[in-house]
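Please work through the following exercises on a protein model. Each task is followed by a solution in steps.

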Amino acid sequence: MKFLDIYSQDKPILNKIYKDIKKIITKSDFINGQKTREFEEEFAKYCKTKFAIGCGNGTDALYIALKSLNLKEGSEVILPAMTWCSTLFSVLQAGLKPVLVDIEPNSPTISIDGIRKKINKRTKAIILVHLYGDCCKFSQLKRILKNKKVYIIEDAAQAHGSYEIAGKKKNYVGSFGHLACFSFYPGKNLGAYGDAGAIVTNKKKIYNFIQKFHNMGSKFKHEHDIVGINSRLDSIQAAVLQNKIKKLDRLNDKRRQLAKLYNKLIDNKNISKLSYSKGCVFHQYVILSNKPEKFRKYLKKNKIPFGRHYPQSINNLKAVKKMFRKENFINSERLSKYGTSLPINPLLTKMDITKICNIINNFN
Ligand SMILES: Cc1ncc(COP(=O)(O)O)c(C=O)c1O
């Protein structure tokens with residue numbers, strides 16, 4: 001049993017991918033090429049946004065998104081205390097001030113009430129991280145934002161295809177913020193064969209800026225209108241993604257089915273489950289054990305692969321610990337200490353999950 005099995009997952013479409021890559025090499029169409037434009041169009045459509053721009057990776061996507069807002073140095077940006085380090089580092093690299101908010105007690109996403117308590121006149125942006133593929137509660141957030149001029153950036157690195165159900169409507173990840181950032185790191189629900197990322201938006205002005213900024217400040221060859229960076233999605237990665245996006249919804253549904261089975265079958269007083277929203281795409285399936293070290297040793301002994309996402313909340317990362325030493329983020333710290341990610345690779349079968357759950361239920 002494998003935690004992740006990209007090769008087996010992609011095997012049925014590998015020949016098509018090889019053919020596309022061969023064509024790119026034959027035409028020497030590596031950078032700013034046709035495949036990238038095609039994928040950008042398809043990805044915008046998938047996210048239900050007007051524009052998508054490919055870039056080097058998800059970390060760059062966040063940095064580029066923040067730069068596109070043209071905020072004054074030191075402006076405050078709210079983000080959750082439980083996320084991958086890139087969310088925080090991009091804020092610091094853009095010269096902005098990070099303000100951490102705890103996650104909800106029993107869900108992996110940012111506490112909306114926590115945002116309400118920390119939002120002030122200096123708050124210029126909020127980064128909503130759809131952690132583990134679980135969509136943030138955007139409709140609740142909208143109520144507290146009302147007329148405030150605060151930008152919403154979605155960190156959708158783990159949440160391609162996820163949505164929030166609001167009444168009869170589905171709010172798709174990527175479509176409700178001013179901008180949304182995606183990672184196509186190989187292990188993501190939609191993964192390339194190397195580093196890759198994208199930003200989506202409905203705002204033409206933001207799109208025009210990013211089109212130049214991510215390509216050395218240039219839209220047309222040898223015209224450098226602004227100081228930019230080199231962060232592009234290359235044609236080979238775009239071709240891989242173009243083939244893989246066709247299977248994304250099916251694989252996300254498979255992940256949802258496996259998660260449903262976990263929810264139903266895990267039954268052990270030493271284990272607690274998180275509450276995930278209906279539209280969650282389960283990039284990870286994380287449970288909490290009251291004896292985490294013993295539990296992980298037990299899984300290892302029983303040959304159940306597992307992961308940790310993540311062993312430290314953002315405020316406890318060595319690089320930035322000092323910055324947040326006066327604050328506590330109880331739910332984030334609890335999840336990082338007690339949380340263990342179970343295999344949710346879409347190739348797993350009902351039998352695999354039943355076996356894992358039987359083992360988990362015998363843990364004491
Ligand atoms: C929540 C989150 N944000 C940002 C990133 C950064 O993406 P990348 O690794 O492509 O730079 C990741 C990737 O792991 C992530 O999980």
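The model is predicted, so local features need pLDDT of at least 70 and side-chain atom pairs count only at pLDDT 80 or more, while totals for chains, interfaces and linings use all residues. Residues are numbered from 1 along each chain as its sequence is written.

**Exercise 1. Describe the seven-strand sheet and state which helices pack on it.**

Step 1. Seven strands form an open sheet with mixed pairing, in the order β1-β9-β8-β5-β4-β2-β3. Strands (E, at least two residues) and helices (H or I, at least four) are DSSP runs numbered from the N terminus, and two strands pair if DSSP finds at least two bridges between them.

Step 2. The edge strands are β1 (51-55) and β3, each of which pairs on one side only. From one strand to the next, the twist averages 20°.

Step 3. Within the sheet, β4 and β5 pair in the parallel sense over five bridges. Val129 stands opposite Asp155 in β5.

Step 4. Helix α3 (residues 34-47) packs on this sheet and touches β1, β8 (179-183) and β9 (197-201); its direction makes about 130° with that of β1. Helix α5 also packs on the sheet, touching β2, β3, β4 and β5, and its direction makes about 170° with that of β2. Such angles run from 0 to 180 degrees between N-to-C directions, with axes fitted to C-alpha atoms, for helices over the stretch in contact.

**Exercise 2. Identify the buried residues of α5 and what covers them.**

Step 1. In α5 (residues 85-93), Ser86, Thr87, Leu88, Ser90 and Val91 are buried. A residue is buried if 20 or more other C-beta atoms, placed from the backbone, lie within 10 Å of its own.

Step 2. Their cover includes α4 (58-68), β2 (76-80), β3 (97-101), β4 (123-129) and β5 (151-155). Contact requires C-beta atoms, placed from the backbone, within 7 Å.

Step 3. Just after α5, Gly95 takes a positive phi of about 75°.

**Exercise 3. Characterise the packing of α4 with α5, and of α9 with α12.**

Step 1. Two packed helices are described by the angle between their axes and the distance between the axes. For α4 and α5, the angle is about 40° and the axes are 9 Å apart.

Step 2. The helices α4 and α5 are therefore oblique to each other (angles under 35 degrees count as roughly parallel, over 145 as roughly antiparallel, 65 to 115 as roughly perpendicular and the rest as oblique).

Step 3. On one side of the contact stand Gly58, Thr59, Leu62, Tyr63 and Leu66 of α4; on the other stand Ser86, Thr87, Phe89, Ser90, Val91 and Gln93 of α5. These residues divide into five nonpolar, six polar and no charged (Ala, Val, Leu, Ile, Met, Phe, Trp, Tyr, Cys and Pro count as nonpolar, Asp, Glu, Lys and Arg as charged, and the others, Gly among them, as polar).

Step 4. Helix α9 (residues 235-265) packs against helix α12 (residues 350-361) at about 30°, with axes 10 Å apart; α9 is therefore roughly parallel to α12.

Step 5. Leu258, Leu261, Tyr262 and Leu265 of α9 meet Lys350, Ile353, Thr354 and Cys357 of α12. By class, this contact has six nonpolar, one polar and one charged residues.

**Exercise 4. Which strands stand at the edges of the three-strand sheet?**

Step 1. The open sheet has the order β10-β11-β12, with antiparallel pairing.

Step 2. Its edges are β10 (271-273) and β12 (339-342); each has a single partner strand, so one side of each is left without a neighbour in the sheet.

Step 3. Three bridges join β10 to the antiparallel strand β11 (residues 285-289), where Ile287 is the bridge partner of Lys273.

Key:
A residue is buried if 20 or more other C-beta atoms lie within 10 Å of its own, exposed if 12 or fewer, and partly exposed in between; C-beta atoms are placed from the backbone. Two residues are in contact if their C-beta atoms, placed from the backbone, lie within 7 Å.
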